[in-house]
Amino acid sequence: MSLNINNLHVKLEDEDKQILKGVTLEVPAGEVHAIMGPNGSGKSTLSYVLSGRDGYEVTEGSATLDGADLLAMEPEERAAAGLFLAFQYPVEIPGVGNMTFLRTALNAQRKARGEEELSSGDFLKLVREKAKTLKIDAEMLKRPVNVGFSGGEKKRNEILQMAMLEPRMCILDETDSGLDVDAMRLVADGVNALRSPERSFLVITHYQRLLDHIRPDVVHIMSNGRIIKTGGPELAIEVEQNGYGDLLAEVG
Amino acid sequence: MADTAVLAAGAKPAAKTGAGDAVLAARLDALDLPVGGFTAAARKDAAARLQAMGLPGARDEYWRYTNPAPFNAPLPEALAYTSRESSLFDGIDRLKLVFVDGVFDAAASDPLTGEGMQIDILSTADAGPAHWAGDLYGKLETSGQTPVKRPFAVLNTLAAQDGVLIRVTGKVARPVHILYRRDGQATDVHVHHVIRLEPGAELTLLETGGIGARSNTVTEVEIGKGARFHHIASKRADDAKLGIGHIFARVGEGALFKSFSLAVNGRVMRNEGVIEIVGDDAVAHIAAAVLGDGNEGAFHHDDTVFIAHAAERCESRQVYKKVLKNGAEGIFQGKILVKPGAQKTDGYQISQGLLLDEGSQFLAKPELEIYADDVKCSHGSTTGALDETALFYLRSRGVPKEQAIVLLVLSFLADALDEIEDERLRDDILTRLDEWLTSRAKG
Ligand SMILES: Nc1ncnc2c1ncn2[C@@H]1O[C@H](COP(=O)(O)OP(=O)(O)O)[C@@H](O)[C@H]1O
Ligand SMILES: [Mg+2]
């Protein structure tokens, strides 16, 4: 799937605060793009706006998924269209079992696409298999969504959802933060297993180290609501070595 | 609301806080009061007690949040009969007892025999002068009148037309299911059940259906040493237009009392739970899940609970969850009283309102009164809206908004539903709730 973001301007709905100030970005099908940038530059906001969270107002620009107007869709329609956001802060939902959550989501998407719902037997088989590769144990699947999960467990749970839902445009918002080396490798392997010519990724991260495992085709640097520089993987190494200082100075 | 209630009840509020003698006289006048056989003395006593206490007025502290006027009115509003009968618990092997307009219907019921229990029907048994239930009829109700007066329970003891009397001597695996049906339009129904569990006995009691246009129920439960009593009551929109229900329980040593009620719409409902824990090491849990939609008529649901600990090492839990929308009102008044000497009491109470819009309201009045020093008691109450972040999270995974709300509502209710021990019964309730919420979400 290809994602096209053009001159996107976003402000907070309740406040006169402009956060995205003209973001232009294209992720062609099958590519992995990374977005790096200092805290507060608007990376999470971009991911939320693309997935349809309330509280933001698009004042200018567009975002399309394979040509379809993303911004006109409800969040669930975006998901059914193939978009997935791995949250920077996965949400806890007490009282809703992880399994119920996964099955409800999967079947809702299948239904929206006119496919048959998965039988509980097939679903169980699928979820067990995917959970195993992510080292998510049965106990975690039984618990309420993300409740009592460690930081790393929450992030792995996001990847499990991604693996189950098989989206074709995946946005990962700092999925690596708070992970130890082993957990990061698990997450990276999970992502790499999903790489395919139809599937695209937008990986938001602070650190080069994740990009050692998930090799990006293109790296974008975001600052103050704009993409200030785009380059190859070497750009991530430059940031790792020199910080954002030089880049920010470059654009003035 | 408070003032109009007094006016509507036609009372002259003076020194008395109650509704006034004229209101009570008119109320009693409209009723056909049975003389009773084995209950005769209890009914006579109830008449005297009721004269002394009067019906509640809107100024009564205990009726602060619920207007007693519609319960005080001599006649109930007529109620169109809808024949939709609940199929809840249909798949479960149980003994069915059918009441139509508050009167036992033998032809529609199962035979009154079950292993480990003796079942009698109040109206039949009350033709005779003596019955084992004579020791209990009106007795637990009377002891539940302290420290607060519950005039409608007294009225019930005085006026009850019918009910079941169950004496449980063994572990009864098959639940007893009381199905209420309505036939008449303006029925004013008083039903009174008496249940005694002998030491070591066990019973599950289910109640579903519409009792009457205006209903008043009293259930008195005596739970002997080591006995276990499970109770599930369910009321739906057309079942419960105007009702007041009471459960009075006395829980003995090492015994268990668990009561769960479900209310899905309706109009004005007041449920009073009065539980006295009298034996050491006993457990008493009472819980409710309530769903109210003000668009289907003014919804007002009041749960008023009083749990008294009079023994050592006992545990009590109150779990109340109310989901309210379109101007619906949810009330919870809950008290834990720990009497002197009731050491090592573990008392817990939670009441929560989930408001699906700004017009609805949830009011809670939690109270703790503790006269022992080595106890653990806690209570909490919250009122909140749907968690928008969780809603977005679900939708971002492709779950449509309406379905996501259903999931979140069910998750909100989960703690209350968890109070149902029997998995089959819990699943039945859960499935029904899910269906109901889903059908509403679309409409
Ligand atoms: N809902 C919000 N309310 C107030 N400020 C917000 C909100 N969302 C984002 N912001 C602000 O917008 C800016 C960008 O935030 P964010 O998108 O989280 O950045 P990043 O993910 O790059 O760290 C920050 O200054 C942040 O404080
Ligand atoms: Mg962020």
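**Notebook: chain contact, magnesium site, helix pair**

I began with the interface and found that chain B and chain A bury about 1900 Å² between them, with 67% of that area coming from carbon and sulfur atoms. I note that this is a predicted model.

I then listed who takes part: 17 residues from chain B and 29 residues from chain A.

Next entry, the metal. Which protein atoms are donors to the magnesium ion (ligand 2)? I found OG of A:Ser44 and OE1 of A:Gln88, lying 2.1 to 2.3 Å from the ion. I checked where the pair sits in the chain: A:Ser44 is in helix α1 (residues 43-51) of chain A, while A:Gln88 is in the loop between β6 (83-86) and β7 (93-97) of chain A. The two are 44 residues apart, so I logged the site as linking distant parts of the chain.

Last entry, a helix pair in chain B. The axes of α3 (residues 40-53) and α7 (residues 151-159) of chain B come within 8 Å and cross at roughly 150 degrees. I recorded the crossing of α3(B) and α7(B) as left-handed. From α3(B), the contact residues include B:Ala46, B:Leu50 and B:Met53; from α7(B), they include B:Val154, B:Leu155 and B:Leu158. I sorted the residues of this contact by type and got 10 nonpolar, 1 polar and 2 charged.

Methods. Residues are numbered from 1 along each chain as its sequence is written. Chains are lettered from A and ligands numbered from 1 in the order in which they are written. This is a predicted model: local features need pLDDT of at least 70, side-chain atom pairs count only at pLDDT 80 or more; totals for chains, interfaces and linings use all residues. Side-chain values use heavy atoms; hydrogens and water are left out. Axes are lines fitted to C-alpha atoms, for helices over the stretch in contact, and angles run from 0 to 180 degrees between N-to-C directions. Helices (H or I, at least four residues) and strands (E, at least two) are DSSP runs, numbered from the N terminus. A crossing is left-handed if the near helix is turned anticlockwise from the far one by less than a right angle, and right-handed if clockwise. Contact means heavy atoms within 4.5 Å. Ala, Val, Leu, Ile, Met, Phe, Trp, Tyr, Cys and Pro count as nonpolar, Asp, Glu, Lys and Arg as charged, and the others, Gly among them, as polar. Donors are N, O and S atoms within 2.8 Å of the metal (3.2 Å for Na, K and Ca); water is not among the atoms, so sites may look incomplete. Buried area is the accessible area (1.4 Å probe) that two parts lose on being put together, summed over both.
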